[in-house]
Amino acid sequence: MTATSEPEAALGVLPRADGSAKYSHAGYTVTAAVNGPIEAQRKDENPYEAHVDVIVRPAAGVGGTRERHLESILQSSLSHIILIKNFPRSLIQIVLQVEDSPENDYVNTKLVQGNLNFAIMPALFQTAVLALLSAGVPMRATATATAVAVVFHDGVKRTVVDPSPREIEIARSVHVLAFTSHDELLLAESEGDFIVKEWDEVYETAKKICCHSAPADDGMQMALDEEAAAGPDMRHFLRSTMESKVAADLYWK
Amino acid sequence: MASTTRPTLLPGDEIPSSLIPSHPTKPLRLGPGLRHLPPSQILPTVSGQLITLPQKSSMWIEYNSSRYIPTQSDLVIGTILRSGPDFYYVLLSPFTPPATLPHLAFEGATKKTRPQLNPGSLVYARVTLANKHMDPEVECVSATTGKADGLGPLTNGGMVFDVSLGFARRLLMAKSKEEGKIEVLELLGGEEGKLSFETAVGRNGKVWIGSEDIKTVVIVGRALKETDEKKLGVEAQRKLVRKLIKEMK
């Protein structure tokens, strides 16, 4: 069962931060705060580019190895879209607080150290991008992310978009992919056993979700849209969210 | 979307070439939120509305944010952090490296007679140096004329209020009433409120309100902050001013 809920987002939810966003999709709810560019600590100072600091806070307890790993993955992919060369010796801080994650009815939800939860990555990534846009941090491009699982069920192979915890449990492989708004692959993390052909299928599925441009009005496109109904149209979602934010900001124009 | 004259753009979006102003003699000027990738690509770096002025051959992205990035010749309100041997260290926005303000960059200042500013006092200054590799520099005097032109220490009672950068920009517009759609200041100082106060607006999202009467300072500051936060239109601003004046009496 895929959580087929449409993604939802609210920008500027935290008045004190430079930029913030709350995003919920596929059972996950994440709030992000972005501050920057601000003065970096001496040890983080880089004379040529800004230091991007990502902090992931789990819904309960304090972060551990798992969160550190998520942080390092997010940090390296976000550094690619932020114009870090514009702000040498400074710091761009992104704090991601997980508020809600879907419960797994089948297995014990006790957190296992070192067990990476891939399904949460797209939510974290998308929230970070929305918060960066809300803060007006100069960026090269925007980006969208999705998670895809390859599940074998009764001997039939299926690719599942935005898998539930149960599906991740039984999946043979789980993949997280992110694309920039220039259709470039930004992030590709995989876990489990898979062959190149499967990965290619996953890539195509993810690309369709992340890079499918806004729907046009002619009949041809409509037919294609129905085909692509397998997942949400992330790019269109991002654009409409930002358009409403800009329209609200520039109400006086 | 591309058909409108003021499209909403996201970072990295392509700008329709029909919208890029092409002037026969004037070079193209890029404002905030745009970057030029040689040879001829122009890309937005923030999300906002693209504004073009074909007569002036300039274009920029209109957007709102809250973190100030120093830009040359911006008017800003700074807080003195401490005094060095030759400079004051001035804070333009929280958690950023302080800007430097030379002791002699005041009207009529010499080594012997210069304004003594204590940590915490406020100055209205102009950014003279904004370079990503160096800390910003500000001055309180025009380098060419030697006149203060309204810049200098902000004294004789007043208070600073934080507003968003977009709102500060609207306040700084030459016609903030017509173009920026801000009427609160005119209303409070005019027939409606009959309050007497002075203001200084910093591009770094700070507004200083000065007046003999503390009540006036608070009323004007609250009116500005509420207009900004609740995104009030002209009609709502009038209502707000009427309400505040009533409360004061």
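**Chain B overall and a sheet in chain A**

Of the 249 residues of chain B, 47% count as buried, in what is a predicted model. The burial cut-off used here is under 20% relative accessible area. Chain B has an accessible surface of about 12900 Å², and carbon and sulfur atoms contribute 54% of that area. Along the principal axes, its C-alpha atoms fill a box of roughly 55 × 50 × 35 Å.

The secondary structure of chain B consists of four helices and 15 strands. Among contacts in chain B with a separation of 6 or more, 60% are between residues 24 or more positions apart. An unreviewed UniProt entry annotates residues 28-67 of chain B as "domain: Exosome complex exonuclease Rrp40 N-terminal". That span is 52% strand and 0% helix, and 27 Å separates its end C-alpha atoms.

In chain A, four strands make up an open antiparallel sheet with the order β7-β6-β8-β9. The edge positions are taken by β7 (156-161) and β9 (185-192) of chain A; each has a single partner strand, so one side of each is left without a neighbour in the sheet. On average, neighbouring strands of this sheet are turned by 15° against each other, direction ignored.

Strand β8 (residues 173-180) of chain A runs antiparallel to β9(A) and is joined to it by seven bridges. Within this region, H175(A) has S190(A) in β9(A) as its bridge partner.

Helix α2 (residues 121-135) of chain A lies across β6 (143-153), β8 and β9 of chain A, at about 170° to β6(A). Helix α6 (residues 234-249) of chain A also packs on the sheet, where it touches β6 and β8 of chain A, and its direction makes about 150° with that of β6(A).

Notes
Residues are numbered from 1 along each chain as its sequence is written. Chains are lettered from A and ligands numbered from 1 in the order in which they are written. This is a predicted model: local features need pLDDT of at least 70, side-chain atom pairs count only at pLDDT 80 or more; totals for chains, interfaces and linings use all residues. Side-chain values use heavy atoms; hydrogens and water are left out. Two strands pair if DSSP finds at least two bridges between them. Helices (H or I, at least four residues) and strands (E, at least two) are DSSP runs, numbered from the N terminus. Axes are lines fitted to C-alpha atoms, for helices over the stretch in contact, and angles run from 0 to 180 degrees between N-to-C directions. Contact means heavy atoms within 4.5 Å. UniProt positions are given in the numbering used here, feature names are shortened, and annotations may be inferred rather than shown by experiment. Buried means under 20% relative accessible area, exposed over 50%, partly exposed in between (1.4 Å probe, protein chains only). Accessible areas come from the Shrake-Rupley method with a 1.4 Å probe; for residues, only the protein chains shown count as cover.
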